[in-house]
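Colleague: Hi! I'm new to this one, could you walk me through it?
Modeller: Happy to. Here it is.

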Amino acid sequence: MPAKDDHTDRVFCGTIVHSTKSDPLEIRENAILGVKRGKVLFLDGKDRLQQRLREHELDTECLVNLTPRQFVMPGLVDCHIHSPQLAITALGTDKGLLDWLTTYTYPAEARFADHDFAHQAHHKTVRRTLRGGTTLASYYSTIHTDTTLLLCQAADELGQRALVGKVNMDLIAPEFYRETTQQSVAETERFLDEVLSYKSGLVTPVITPRFAPSCTLPLMTKLGEIAKERNIPIQTHLSETVEEIETVMKLHPGHQSYTEVYDAAGLLGPKTILGHCIHLSDKEIDTLKSRDCGLVHCACSNNTLRSGVMDIRRLMDRGLKLGLGTDMAGGYTTSMLASIRHSVDVSNMCAIHSHNKQRQNGEHQQASNHTTDGSPPYRPLTMAEAFRLATLDGSSVLGQNCGNFEPGREFDGLLIDPEVKDSPLDLFDFDTPDDVVQKFLYTGDDRNISKVYVQGREVVSRTE
Ligand code: GUN
Ligand code: FE
């Protein structure tokens, strides 16, 4: 457990990497990054070091001198992850979503009625994600209020910034893992009271109706009201598979789309976080944009459960708020580095598919980079854009003031060492700093994450 009085004032000297609104991957060499009381104080050139130290009454003990290959980057943000599903990670990937939920997921989650098991398992998840560089996560827990509080405790104790939700389910679910509407509402209120009275600087409660097939309209409507009254964020799943959409449309024949069902329940707003969003119509996208919702791309899960191909460029071009999520254990890993790579891979598939379609239609690519009908070719997600989605954009989807190193932001960061003894990276003398960052993003792993900082506190330190 990190000590509360941990020394949090630091000035990193060396290469600093982060995203801004205008630059998805800014690499600043010979830079200084000042952190005081957990917040970013300055990001400047090394030539201003003495002046900055004097100005902010920092002494030289604060200095952290990076080696030429090391760099500091923002912590990774997982906008959608199921803590209780760690035990089934990489298992049961033979079924599609709805069968997977009933066969593997609900029995695994039902175990969390047990206090000791839940304590151990939730700590395991938080330890694992923090170790992988996830400094902020939005967690789905289970329907159990008391053991969901243990997940809040795990995040708080181990030093991870987190949104935590007690899951609501009063409709399609097995007897052993279902609540009544009344219970679900009362337990949500109790959960919110408990978490808010705890006054954690790291944990925020999030209202978590699992998804429309497992929640009645009266329950969703009541949860929407509570969220509005108490100004609490909401997270749920939307439009993950075609079979799920058909189930929702059968349950709600009076509504024209899945999105419309959530809108009718009052669940859509600027603090709403929606996982997956793969099979959306243009009209649904317009609604989500007008409600200023955050959407989460869960590429690994979408592939693993064969849910669909999410076209993230389509949503980016429409200006939606977007982040990335592992969706562990729909996704088979807790690694946000893997999420970054999967999102780039899926977007490349969209580009290949689009080019093939154009070719089949006789629209050969022109030297001018335009198709014969004048439309620009598909632009796959760049690694730099994926990096911003996994840091700054994710922080914004989760309503947090971290994600980059602008002065005034909370300092959640990673010290990356591409040259640790057992490093998976192969570097060469002629590699530029851009090359090193690119190699880390494509091939680095936990071994390269030497230190993890949350709110300025060192919460993970790798010992070789
Ligand atoms: N939809 C409803 N519940 C879940 C879940 O646990 N995982 C995924 N991937 N989709 C869901
Ligand atoms: Fe999920």
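Predicted model: local features only at pLDDT ≥ 70, side-chain atom pairs only at ≥ 80, totals over all residues.

Colleague: Okay, so which residues are the protein donors of the iron ion (ligand 2)?
Modeller: They are His-80, His-82 and His-237, each through NE2, together with Asp-327 through OD. These donors lie 2.1 to 2.2 Å from the iron ion.

Colleague: And what arrangement do the 4 donor atoms make?
Modeller: An irregular one, because the angles they subtend run from 89 to 170°.

Colleague: How are those donor residues spaced in sequence?
Modeller: The pattern is H-x1-H-x154-H-x89-D. His-80 sits in strand 6 (residues 76-82) and His-237 in strand 12 (residues 234-238), so this pair ties together parts that are 157 residues apart in sequence.

Colleague: Are His-80 and His-237 buried or exposed?
Modeller: His-80 counts as buried, at 1% relative accessibility. His-237 is at 5%, so that residue counts as buried too.

Colleague: Switching topic: which residues touch the most other members of the largest nonpolar core?
Modeller: That core has 97 residues, and the ones touching the most other members are Met-73, Tyr-262, Leu-274, Leu-288, Leu-295 and Phe-440. There is also a second, separate core of 13 residues, which includes Ala-31, Leu-33, Phe-405 and Phe-411.

Colleague: What is Tyr-262 in contact with, leaving aside neighbours within four places in sequence?
Modeller: Its contacts include Phe-211, Met-220, Leu-267 and Leu-274. The iron donor His-237 is also among the contacts of Tyr-262.

Colleague: Where does Thr-259 lie?
Modeller: Thr-259 is in helix 8 (residues 258-264). With 2% relative accessibility, Thr-259 counts as buried. Beyond residues up to four places away in sequence, Thr-259 touches Leu-238, Leu-268, Leu-280, Glu-284, Thr-287 and Leu-288.

Colleague: What about Leu-322, where is its place?
Modeller: Leu-322 belongs to strand 15 (residues 321-324), and its relative accessible area of 5% makes it buried. Not counting residues up to four places away, Leu-322 touches several others, including Leu-295, Met-310, Leu-389 and Val-397.

Colleague: Now a charged residue. Where is Glu-179 found?
Modeller: Glu-179 is in the loop between strand 9 (167-168) and helix 5 (181-198). At 7% relative accessibility, Glu-179 counts as buried.

Colleague: Which side chain makes a polar contact of 2.5 Å with Glu-179?
Modeller: That is the side chain of Lys-166. A further polar contact, of 2.8 Å, joins the side chains of Glu-179 and Ser-184.

Colleague: Last one: how far apart are the end C-alpha atoms of helix 12?
Modeller: They are 36 Å apart, which agrees with the 36 Å that its 25 residues (336-360) should span at 1.5 Å a residue.

Colleague: What happens at the start of helix 12, and what follows the helix?
Modeller: At the start, a side-chain oxygen of Ser-335 comes to within 3.2 Å of the backbone nitrogen of Leu-337. Helix 12 is followed by Gly-362, which has a positive phi, near 80°.

Key. Residues numbered from 1 in each chain as written. Chains lettered and ligands numbered in written order. Heavy atoms only, no water. Core = buried A, V, L, I, M, F, W, Y, C linked by side-chain atoms within 4.5 Å. Buried < 20%, exposed > 50% of the residue type's maximum accessible area, 1.4 Å probe, protein only. Contact = heavy atoms within 4.5 Å. Helix = DSSP H or I, 4+ residues; strand = E, 2+ residues; numbered from the N terminus. Expected span 1.5 Å × (residues − 1). Polar contact = N/O pair within 3.5 Å; in protein donor to acceptor, adjacent residues only side chain to side chain. Donors = N, O, S within 2.8 Å, 3.2 Å for Na, K, Ca; no water. Tetrahedral: all angles 85-135°; square planar, octahedral: opposite > 155°, others 65-115°.
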